[in-house]
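Subject: Structure for your files

Hello,

Here is the structure I said I would pass on. My notes on what turned up in it follow below.

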Amino acid sequence: MARSLPPGWDVEISFAKHGQEGVDLIRQGKGDVVFLDLNMPVMDGYEVLEEVQKNDLPALIIVVSGDVQPEAYTRVKQLGALDFIKKPTNKAKIGEILVAYGIVESQQLLELENDLAALDKMPAPVNDTLSPKIVDFRDHYQEIANVAMGRAADLLARLLDAFIVLPIPNVNILETSELHMALTSVEENEAMSAVCQGFIGSGIAGEALLLFHDSSFADMSKLMNYQGELDDNGQLEVLMDIANILIGACLKGVSDQLDVGFSQGHPVVLGQHCNIGDLINSNTQRWQKTLAIEINYTIEKHNIQCDLLLLITEDSLPTLNNKISYLFEHQ
C-alpha cells in the first residue's frame, strides 16, 4: 500500500495493526489521509468509520478492501468514506483519487511521477524500508486470501441479493490431526456436510474444502429460490451449487493474484450430516501436513454459515512463497 502512494510525496506514513490503533493515530493528528481496510481485528473498518463520524474526527478516509460487494461500497459511503479502492491496490487508481479530491494537485502528481521515472534509472538501494521482510509468510497468505474471499463473497452476494459478512482469514500450517482444532467457528458436535475439490497448477497443489452447517440449509434454499423438496438429495443440490460458487470464485481470485492457472478436479462429497471430527478422521489420507487457510462466511440476517478451507500441500510452499515474494516486491 505504501509503495502505491505517489513517490516523493512529502508525508509521514503511519501504520496501524488494527482499527482501534488506527483511531488512536487519527486522534493524535496522524490521519489527515487514511487508507482503511474493512477486515481488521479489534475494530473493523465499519466501526472505525462510525467512530470518526460520531466524533467528527479530522480524517479523509479512503477504503481499500478486498470486500467488493455493492452493499459494502454503499455502507462505507454512508459512513463518510471518500471513495473505495478494491485490492490489490493500484498506483494509477490511487493517484486519480488523490487528485479528484484535491489531496494532491494534478501538476504535483505529474512532477512526482517524473521524479519516480528518474529514480527508476538509478541503481536500486540495498535496503528498501518498504519492502516486506520475507521471513514469515503468514501475513502474505492472509492478504492473498482476503482478496480472494472478497471476490467470492461479491459473487454470492449478487446471486442471493444479500450481504455477506467476511472475517479475517485464519492461517495455520498444521498436521491433519490438528485441522479440526484450527476451525475456529465449528463445534465438535455440530452436523455438517462437506465437499472438496482438488486444484493444481504451476507447482502448487491442494484441495478446497467447503464445510456447510446443516442448520443453514433451510435459509439458504429460500435465498436460492430452490423449489424442490429439501431432503438429502435437495440439500446435496444446494450444497454443490454453493460449493461451485465459493470454491470457483476463491480459486480464481488466488490464481489471478499469483498469475497461475489452476486445473480443478471434479467436486467430491466427503459426507453429509457428520460432525467435524468424523469428517476429518475419515479423510486423513487426503491431507498430510498442510497450509490451511480458513474463511468463514456468514450471511447477514440469515441463519447461514459455512467454512471454506484452502488446504495447500507442504511441498507446494516453496513455489507459493516465491510467487508471493515476487508479487509483494513488485506490486
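The largest nonpolar core has 54 residues, and those touching the most other members are Tyr 141, Leu 210, Leu 246, Leu 258, Tyr 297 and Leu 320. Elements that each supply at least two residues of this core include α6 (138–160), β6 (192–201), β7 (204–213), β10 (290–299) and α11 (317–330). The most comes from α9, which gives 13 residues. Nonpolar side chains tend to be buried together in soluble globular proteins. Please keep in mind that this is a predicted model.

There is also a nonpolar patch on the surface, formed by Val 11, Ile 13 and Phe 15, with about 280 Å² of accessible area together. Val 11 is in the segment before α1 (19–27). Val 11 counts as partly exposed because its relative accessibility is 40%.

On aromatic rings, the search of the whole structure gave four aromatic pairs. Separately, Arg 75 has its charged end over the ring of Phe 163, 3.9 Å from the ring centre.

Some backbone points are worth a look. Most residues other than glycine have a negative phi, and most peptide bonds are trans. The bond from Lys 87 to Pro 88 is cis, with omega near -5 degrees; Pro 88 is in the loop between β3 (83–86) and α4 (91–100). Asp 56 has a positive phi, near 50 degrees, and lies in the loop between α2 (45–54) and β2 (60–65). With a relative accessible area of 68%, Asp 56 is exposed. Lys 301 has a positive phi of about 70 degrees and is in the loop between β10 and β11. Lys 301 counts as exposed, at 79% relative accessibility.

Regards

Conventions. Residues are numbered from 1 along each chain as its sequence is written. This is a predicted model: local features need pLDDT of at least 70, side-chain atom pairs count only at pLDDT 80 or more; totals for chains, interfaces and linings use all residues. Side-chain values use heavy atoms; hydrogens and water are left out. Rings of Phe, Tyr and Trp (its six-membered ring) pair if their centres lie within 6.5 Å; planes under 30 degrees apart count as stacked, over 60 as edge-to-face and the rest as tilted. A charge sits over a ring if NZ of Lys or CZ of Arg is within 6 Å of the ring centre and within 35 degrees of the ring normal. Patches are made of residues with over 30% relative accessible area and no salt bridge: like charges are joined within 9 Å, nonpolar side chains (Val, Leu, Ile, Met, Phe, Trp, Tyr) within 5 Å. Accessible areas come from the Shrake-Rupley method with a 1.4 Å probe; for residues, only the protein chains shown count as cover. A salt bridge is a side-chain nitrogen of Lys or Arg within 4 Å of a carboxyl oxygen of Asp or Glu. Helices (H or I, at least four residues) and strands (E, at least two) are DSSP runs, numbered from the N terminus. Buried means under 20% relative accessible area, exposed over 50%, partly exposed in between (1.4 Å probe, protein chains only). A nonpolar core is a set of buried Ala, Val, Leu, Ile, Met, Phe, Trp, Tyr and Cys residues joined through side-chain atoms within 4.5 Å.
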